[in-house]
Amino acid sequence: MPRKYDAIIVGGGHNGLVCAAYLAKAGKSVLVLERRHVLGGAAVTEELHPGFKFSVFAYVVSLFRPHIIRELNLARHGLEIIPLEASFLPLPDGDSLCRWADPQLTRREIERFSKKDAEVYAEFGQTMMKMAFFAKSIIDHPAPDPTSRKLSELLKMLGLAKRFKSLGSDLTYLHLKMLTMSALDFLDMWFESDVLKAPMSVSGIIGTFLGVRSPGTAYVLLHHYMGEIDGAFRSWGFAKGGMGRVSLAVASAALEFGTEIRTEAPVRQFLIKNNSCKGVVLENGDELEAKAVFSSLDPNRTFMRLVGPMHLDPEFRQQIRRYKLRGSSGKVNLALDRFPEFACRPGAGPHLRGDVAIAPSTQYLEKAYDQAKYGEFSERPYLNIVIPSLVDPSLAPPGKHILSAFVQYAPYHRDGGPQTWPKHREAFGDAVVDTIAEYCPNIKESILYRQVLTPFDIEQMTGLSEGNIFQGELSMEQMLFLRPAPGWARYRSPIRNLWMCGSANHPGGGVMGAPGELAAKTYLGTVR
Ligand SMILES: Cc1cc2nc3c(=O)[nH]c(=O)nc-3n(C[C@H](O)[C@H](O)[C@H](O)COP(=O)(O)OP(=O)(O)OC[C@H]3O[C@@H](n4cnc5c(N)ncnc54)[C@H](O)[C@@H]3O)c2cc1C
């Protein structure tokens, strides 16, 4: 008799692994099936060029839930996070702005552009922190269900309303405004200097097909403000050894609790009988049975491909079809034979031990978006650059460096169709390198290896449909009780025994582990 598992997890990205670890910790027999040879999904480290180890996709840890680190003992399993020290903005005229962990240093930097902004900056940070604390109470629990009449749900809504009210009327109004405003309109309420607003506004557009002036992007700004490392609020960090270490630490915990993990084991379809999921069929034809199946894939892949539209009722099918993926980002990874010098602040100073934004003005960002709206990649894109080998020398040979550039915009639905991306891949890579070269003149001759990832490549490699980095846009109409579909925001699906545990579920994308944890705890009935 073939073995029947308590749970099969489809996809060994970090959320699938977190889900597996919690289920196995509770004594369940668990099998994880991962399509690729490497675990981690979009959170992987790979040696792309001899001696150079890249965080191929995700590159900084921000939202990973500290209680998951504690509950799964991830530090013992090798997870170490190195905080980012600065956020650096080089400018084309040779000037620059650096924001530091030290508020006094930051104030002095901002003062050069606007005395008023320097005064307000700290107050803005405190206000965002207060609002993010409220939002945090939402991301650490399953989404509230405003349509339910169950007493337990009504009490949850009441608790939430009380917490909302405790913000005070000013913050309550601000919070409500934030739901509909654009990132730039929101920042305009506080600041006057474009040099400050441009790099701040980009947090509102990451992973969306929206511009900094598009309504709703102010909320995404808040989502990115929730980064924390083990309780140190608003801090982002590098995972020592690259992002794959996050996934491997979770995998190691899951294995210790007895999870079985198979790589190079792609699932072809779910076994559905009488609207109930009985297991999975692998690409090689093997059938595996389980009492419950958890999909960590996006809804398009889960329902349209592995379940099949014929098993879905028309309304749900329509909701999944309407779910917005619309990938808009790419990535360029470079192996360098020397340190990349930024002309405006030469040297490998502390200003580069964090992230570097190529976002010289809000007009530059809007122009970048304009091209994407018409199906082109931005010739001068917004870039978020990190040089993690500066703080973690284990990633590159001595004296050499890796540079990662997250790029926006690169629309999946490019003019000519997504399948034309491979033809334009190198031109896209050239646009990114040319952009970096405007600030970092020695870059071109120092490149030993370059990997260019278009949204089409991201889809092919990770399985993220349309290359959307968050398994679906983090826009308001796809958040909370609407993610991934109204009525299905609690990790269950309309197919009995088929659960969802990936980033397409509340509270959404990013390497945070929350959907995996909350799915497992909801299944186990131990959710708070
Ligand atoms: C370019 C890029 C940059 C990013 N930068 C950051 C960042 O710096 N910080 C951050 O917090 N977030 C970042 N993100 C977002 C973040 O990486 C994702 O939201 C997160 O990793 C998704 O995790 P997941 O486990 O939900 O899904 P995934 O990582 O998508 O995992 C799903 C897994 O399922 C596997 N799979 C697919 N189909 C099958 C099948 N049929 N059978 C078996 N297995 C299958 C895939 O191979 C994959 O391993 C970035 C993402 C990208 C793409």
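A crossing of two helices is called left-handed if the near helix is turned anticlockwise from the far one by less than a right angle, and that is how helix 1 passes helix 10 in this structure. Keep in mind that you're looking at a predicted model.

**Domains**

- The protein chain splits into three parts: domain 1 (4-44 + 61-82 + 240-323 + 475-524), domain 2 (106-237) and domain 3 (325-465).
- Taken over C-alpha atoms, the centres of domain 1 and domain 3 sit 29 Å apart.
- Where these two domains touch, 12 residues of domain 1 are in contact with nine residues of domain 3.

**Around the ligand**

- There are 40 residues around the ligand, and the ones that come nearest are Gly11, Gly13, Asn15, Gly41 and Gly463.
- By class, the shell is made of 18 nonpolar, 17 polar and five charged residues.
- Domain 1 and domain 3 each put at least three residues into the shell.
- Looking at elements instead, helix 1 (14-25), strand 15 (329-336) and helix 15 (455-462) each supply at least two shell residues.

**Helix 1 against helix 10**

- In general, two packed helices are described by the angle between their axes and the distance between the axes.
- For helix 1 and helix 10 (residues 244-256), the angle is about 20° and the axes are 8 Å apart.
- That angle is under the 35 degree cut-off, so helix 1 counts as roughly parallel to helix 10.
- From helix 1, the residues that meet helix 10 are His14, Leu17, Val18, Ala20, Ala21 and Ala24.
- Their partners in helix 10 are Val246, Ser247, Val250, Ala251, Ala253 and Ala254.
- Sorted by class, this contact has 10 nonpolar residues, two polar ones and no charged ones.

**Helix 3 against helix 4**

- Helix 3 (residues 103-111) and helix 4 (residues 115-139) pack with their axes 7 Å apart, at an angle of about 155°.
- Angles over 145 degrees count as roughly antiparallel, so that's the label for helix 3 relative to helix 4.
- This pair has a right-handed crossing.
- Helix 3 brings Pro103, Thr106, Arg107, Ile110 and Glu111 to the contact, where they meet Lys115, Asp117, Ala118, Tyr121 and Ala122 of helix 4.
- Charge does show up in this contact, with four charged residues alongside five nonpolar and one polar.

- As background, most residues other than glycine have a negative phi, and most peptide bonds are trans.
- Glutamine 408 and tyrosine 409 are joined by a cis peptide bond, with omega about 25°.
- You'll find tyrosine 409 in the loop between strand 18 (401-408) and helix 14 (421-437).
- A cis peptide bond also runs from arginine 483 to proline 484, with omega near 0°.
- Proline 484 belongs to the loop between helix 15 and strand 20 (498-500).
- Arginine 326 isn't a glycine, yet its phi is positive, at about 45°.
- To spot arginine 326, look in the loop between helix 12 (314-322) and strand 15.

Methods
Residues numbered from 1 in each chain as written. Predicted model: local features only at pLDDT ≥ 70, side-chain atom pairs only at ≥ 80, totals over all residues. Near = placed C-beta within 6 Å. Helix = DSSP H or I, 4+ residues; strand = E, 2+ residues; numbered from the N terminus. Nonpolar A, V, L, I, M, F, W, Y, C, P; charged D, E, K, R; others polar. Domains from an automatic or database assignment. Contact = placed C-beta atoms within 7 Å. Axes fitted to C-alpha atoms, helices over the stretch in contact; angles between N-to-C directions. Parallel < 35°, antiparallel > 145°, perpendicular 65-115°, else oblique.
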